[in-house]
Amino acid sequence: MGAGASAALCGLRLYWHACAAAGALADDILPRLRLLESPRVLFWVPTLIWASTWHVILYQLAETPPLNSVAWRFLLAGLVLLGVAIARGERWRLEPRWHGWILLAGLVQYSINYWGVYEAERHIPSGLVAVLFSLMVFGNALSGWWLFAQPVTRRFLVAAACGVLGVVLIFWPEVVATGARPNAALGLGVGVLAVVMACIGNALTLSLTRRGVPLVPILGWGMTYGALLLLAIAAAQGSLGAVGRSAAWFASLLYLTLFGTVIAFFVYFRLAQRVGPARAAMTGVMIPPIALAISAALEGWRPTALSLAGVALCLGSVFVATRTPGSAR
């Protein structure tokens with residue numbers, strides 16, 4: 001056996017043992033965590049993780065193109081999720097009739113959506129992209145009402161609108177400067193496309209779970225399919241071999257894979273299953289303020305009176321929108 005084949009076999013063995021260990025750990029810990037699966041906990045876990053990824057992603061982009069970074073992140077996360085499903089004895093070999101829908105969900109959620117985000121940020125400020133993604137709450141509310149017959153209250157819509165306004169205030173200098181960019185209309189259109197794709201991906205994933213398809217294999221296969229498309233695009237652009245070399249790049253990739261993708265997406269969709277896609281999408285309102293707080297601590301970002309007012313508005317809107325009917329009395 002050659003050295004390359006031996007290394008590949010060793011890698012496969014390490015991957016299997018890692019997945020088995022993760023599965024055993026999940027079997028041991030998850031039953032205890034069920035007591036903590038309140039909507040509040042399920043809301044704040046992905047919110048805090050995704051807010052932290054805004055800073056961690058910088059270590060990826062310093063060495064590799066965005067598409068490569070996202071592709072490797074989702075490919076590794078998809079394989080880990082499938083490995084965990086196998087190790088835990090879950091049904092991971094899904095019927096062929098489901099794979100077409102999972103492929104579609106993976107393409108819109110984990111490839112077109114993320115490609116759109118990075119492409120939009122070439123033409124418009126990242127703050128405006130954050131504002132656009134806070135609008136997901138309305139797209140998810142529409143899909144929840146239309147597909148799952150989940151009512152949307154006036155209180156929720158008003159709170160969500162106030163949350164979006166809060167995000168606008170936080171990024172107001174970037175928003176008003178957008179018009180000066182030559183391709184702002186293109187960036188805005190691509191950004192809206194990314195938001196629509198994310199909403200469709202949410203709806204497809206939740207629809208599959210409601211038909212009895214296990215969540216972990218859906219995420220595993222969907223992320224793998226989405227990553228393969230991104231790698232194909234990278235290959236077409238001639239950048240497939242671009243991989244980071246530093247310890248910071250590999251450490252950030254590990255964090256983004258395990259925390260920013262495997263854990264965050266799993267918990268997010270558990271939240272959406274529990275409270276509906278609209279209330280789950282309120283994470284998009286709360287992520288920017290927390291991300292900027294991290295930026296203030298690590299990157300020297302200075303808050304203004306307007307941005308602080310926006311943060312307060314985001315906090316208040318999330319509190320009101322995520323309250324259960326009983327707590328509103």
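Guide: Axes are lines fitted to C-alpha atoms, for helices over the stretch in contact, and angles run from 0 to 180 degrees between N-to-C directions. Helices (H or I, at least four residues) are DSSP runs, numbered from the N terminus. This is a predicted model, in which local features need pLDDT of at least 70 and side-chain atom pairs count only at pLDDT 80 or more, while totals for chains, interfaces and linings use all residues. Residues are numbered from 1 along each chain, and side-chain values use heavy atoms, leaving out hydrogens and water.

Visitor: Why are H7 and H14 called roughly antiparallel?

Guide: The axes of H7 (residues 154-170) and H14 (residues 305-321) cross at roughly 160° and come within 7 Å. Angles over 145 degrees count as roughly antiparallel, and H7 and H14 are therefore described in that way.

Visitor: Which residues of H7 and H14 make the contact?

Guide: Contact means heavy atoms within 4.5 Å. Among the residues involved are Phe 156, Ala 159 and Leu 165 of H7, and Val 311, Leu 313 and Cys 314 of H14.

Visitor: What makes Ser 69 and Val 70 count as buried or exposed?

Guide: Buried means under 20% relative accessible area, and exposed over 50% (1.4 Å probe, protein chains only). Ser 69 has 4% and is therefore buried; Val 70, with 2%, is buried as well. Val 70 lies in helix H3 and, not counting residues up to four places away in sequence, touches Tyr 110, Tyr 114, Tyr 118 and Leu 230.

Note on methods. Helix = DSSP H or I, 4+ residues; strand = E, 2+ residues; numbered from the N terminus. Parallel < 35°, antiparallel > 145°, perpendicular 65-115°, else oblique.
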